Amino acid sequence: MAKKKKDDINFAPRGIGDEKDGAVQKGVDLPNPTKKKHKSLGLSEDDLKAMYEQMYLQRRFEERAMQQYQKGKFGGFLHLYIGQEAISTGTVFALNDDDDIITAYRDHGWGLCRGITANEGMAELFGKKTGCSKGKGGSMHFAKTENHFWGGYGIVGGHIPIGGGLAFANKYNQNGRISATFFGDGAVDQGALHETFNIANLWKLPAIFAVENNGYSMGTAARRHTVTEIVDRAKAYGMKSKVVNGMDVFSVYEAMKEVSKEVRESSEPYFLEIRTYRYRGHSMSDPQKYRTKEELETYQKNDPIERLKSYLLDEKILKEDEIQEIEEKVEQEVLDAVEFADNSDFPDEEALYDDMFTEDEPYFHN
Amino acid sequence: MAELQFREAIREAIDEEMAREEKVFIMGEEVAEYNGAYKATEGLLDKYGYKRVIDTPISELGFAGIGVGAAMNGLRPIVEFMTFNFAVLAADQIINHASKAGYMTGGQISMPIVFRGPNASAGQLGATHSVAYDSMYAHFPGLKVIYTSEPDDAKGLLKSAIRDDNPVLFMESEQMYGMKGEVSEEEDYIIPIGKGKIKREGSDVTVVAHGKMYHVAKQAAAQLEKDGVDVEIIDPRTVKPLDLPLIVESIKKTNRCVVVDEAHPFAGFAAEIGFLIQREAFDYLDAPVQRVTLPDVNAPFAKNLFDAWLPDAKQVIDAVNQVTYRN
């Protein structure tokens with residue numbers, strides 16, 4: 001037997017390795033969006049206006065946040081959701097308001113969609129006491145539990161079992177609620193996902209697990225870090241699954257409406273691979289050398305906000321000036337939020353010790 | 001008082017709390033049909049059914065995280081680990097999530113969860129089954145850590161742990177499950193978390209020892225008594241919050257202290273107690289504080305090496321002799 005040449009071995013990640021002209025394909029393949037119009041999806045014209053306003057708010061909130069970050073108004077990490085707004089919006093409109101949502105650190109859009117005000121969100125980014133988490137969490141840890149938004153979590157995959165636990169408690173209490181756990185494509189390689197999927201189906205937890213596959217786990221293309229298509233993770237655990245176009249809010253809404261109904265009725269977990277694209281870097285310090293400008297532009301042609309805007313105009317639901325009116329309102333809301341955050345106080349020094357324990361006078365070792 | 005095995009005291013605590021509060025449930029490997037790897041949950045499945053006594057797959061990270069999510073969403077989970085040596089696989093959930101979610105969200109989340117199971121070594125099980133984790137978890141803010149030495153403490157403190165609205169690690173020992181002790185028959189017997197106990201009164205030297213090491217200290221004290229040395233043993237019972245005043249008061253009386261700890265020496269419980277004593281009781285000390293710990297070495301398998309590795313009464317006696325200048 002001939003000896004293998006020494007240079008035959010390398011550990012460059014090939015993942016599912018679909019190649020074109022010798023190069024691994026990057027980004028994601030978007031499935032066709034739904035052909036249904038809003039009425040057949042059960043959405044009213046008011047719903048559409050609210051959806052548009054919400055998506056535009058998420059976009060402008062983050063664009064302004066980015067400016068403030070660059071001006072040095074706050075520190076820490078800033079992971080932007082820009083490009084993925086259809087997923088949070090389609091989901092929140094499809095689920096019941098008391099269904100439990102939990103996500104990873106790319107969480108601003110989710111928080112805004114679940115009722116964190118622009119003021120509370122921006123103030124949290126600035127680390128102010130008026131922030132949604134009182135300045136204790138920052139960008140990665142938005143939360144509003146009274147609205148069943150359990151927060152953003154910063155350890156990749158660490159919140160996936162917690163999402164299962166939210167569903168466990170709902171089943172235990174027979175309260176009719178389901179949980180929906182969102183994470184990025186990097187998290188699909190974590191053991192936490194696999195352990196949770198197995199247990200979720202073993203115990204028939206009413207839980208939706210959804211990967212927002214934006215094509216890149218930081219700088220590594222999804223197609224380079226995972227063997228098999230991500231959606232196929234579900235097969236190993238006998239879970240139902242589907243691939244969804246995450247650049248189209250109607251497609252997300254339709255899928256979430258169907259899937260949430262099924263999960264609620266059957267009390268069985270469901271895995272969704274929602275394909276999308278993030279326009280910005282992984283965080284603010286990402287030179288984005290792993291992808292081309294052309295690739296980004298291709299996905300931007302499918303922009304979820306522009307797409308909904310065209311629909312609103314084409315279907316004569318809103319006129320140009322009415323859209324502009326919404327946009328101006330949002331613009332003002334976001335500018336006000338920046339001012340609010342800037343003018344808010346930092347937490348009092350005593351707040352350092354608050355919220356560690358539930359007791360009024362907890363023990364602190366020193 | 002009733003004489004109970006350690007495992008029976010634990011079972012009574014869980015049983016009473018499950019009967020008292022519907023939101024309390026227990027999950028872990030072999031807790032249900034098998035009746036517990038160490039029989040701590042024997043009979044609970046028959047009494048409470050599969051909804052509240054739940055067998056898990058061998059997925060420590062997964063089921064610990066499900067416990068964390070369930071606690072956030074209103075339940076009061078007891079998560080049993082077959083040993084805390086396996087809980088290392090779940091450390092992300094305990095250290096990164098259970099202890100931090102409340103703080104990071106500005107107090108929006110409460111975390112009433114108990115992680116419990118045997119801690120430290122249990123004979124010749126090799127290096128990965130033999131580590132004492134109480135000091136390590138006590139390092140992290142947001143966690144309470146209990147490692148008891150006797151059935152009575154275990155019952156009263158486990159009931160407190162289950163009622164606590166914060167994450168609590170409750171540690172036991174494979175080698176103590178069969179140990180018998182008098183347990184209070186007081187109805188709803190509760191011992192507050194953070195209160196230590198003088199387990200043996202004495203005037204010559206204070207020995208601080210908890211968990212399995214309490215029994216080593218007790219053995220040493222019996223021997224030393226024959227030599228005319230009167231040992232006071234303080235069992236802190238709770239590692240964190242620590243009952244420091246109890247230790248300091250004892251040292252004010254004895255002026256000498258030995259700490260016996262089942263962890264490795266670096267940055268462990270003994271190191272911490274040593275620091276605190278020099279700060280709080282410096283002027284009362286007649287000798288430097290000594291400690292008896294595991295060496296900075298992994299647990300060996302061979303019987304002779306294992307015996308040399310684990311702190312024993314002789315090492316405690318030597319340390320006491322040192323602080324009393326009897327050698």
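Chain B has a radius of gyration of 20 Å, which agrees with the value near 20 Å that a compact globule of 327 residues would have. The model is predicted. Along its principal axes, the C-alpha trace of chain B spans about 60 × 45 × 40 Å. Chain B contains twelve helices and 14 strands, and its domain assignment gives two parts, domain 1 (2–183) and domain 2 (197–323).

**Domains of chain B**

- The C-alpha centres of domain 1 and domain 2 of chain B lie 26 Å apart.
- Where the two domains of chain B meet, 23 residues of domain 1 are in contact with 21 residues of domain 2.
- On the domain 1 side of this contact, at least two residues each come from helix 6 (134–138), strand 6 (144–147) and helix 7 (151–163) of chain B.
- Strand 6 of chain B gives the most to that side, with four residues.
- By class, the side of domain 1 of chain B that touches domain 2 of chain B comprises ten nonpolar, ten polar and three charged residues.

**Helix 8 and helix 12 of chain B**

- The axes of helix 8 (residues 212–226) and helix 12 (residues 313–323) of chain B come within 8 Å and cross at roughly 60 degrees.
- The crossing of helix 8 of chain B with helix 12 of chain B is right-handed.
- From helix 8 of chain B, the residues in this contact are B:Val216, B:Ala217, B:Gln219, B:Ala220, B:Gln223 and B:Leu224.
- Their partners in helix 12 of chain B are B:Ala313, B:Val316, B:Ile317 and B:Val320.
- The contact of these two helices of chain B has eight nonpolar and two polar residues, and no charged residues.

**Contact between chain A and chain B**

- Between the chains, 37 residues of chain A are in contact with 38 residues of chain B.
- Strand 4 (149–152), helix 6 (160–173) and helix 7 (191–202) of chain A each supply at least two residues of the side of chain A that touches chain B.
- Helix 6 of chain A gives the most to this side, with eleven residues.
- The side of chain A that touches chain B divides by class into 15 nonpolar, 16 polar and six charged residues.

Notes:
Residues are numbered from 1 along each chain as its sequence is written. Chains are lettered from A and ligands numbered from 1 in the order in which they are written. This is a predicted model: local features need pLDDT of at least 70, side-chain atom pairs count only at pLDDT 80 or more; totals for chains, interfaces and linings use all residues. Two residues are in contact if their C-beta atoms, placed from the backbone, lie within 7 Å. Ala, Val, Leu, Ile, Met, Phe, Trp, Tyr, Cys and Pro count as nonpolar, Asp, Glu, Lys and Arg as charged, and the others, Gly among them, as polar. Domain bounds come from an automatic or database domain assignment. Axes are lines fitted to C-alpha atoms, for helices over the stretch in contact, and angles run from 0 to 180 degrees between N-to-C directions. A crossing is left-handed if the near helix is turned anticlockwise from the far one by less than a right angle, and right-handed if clockwise. The radius of gyration is taken over C-alpha atoms; the globule rule is 2.2 Å times the number of residues to the power 0.38.
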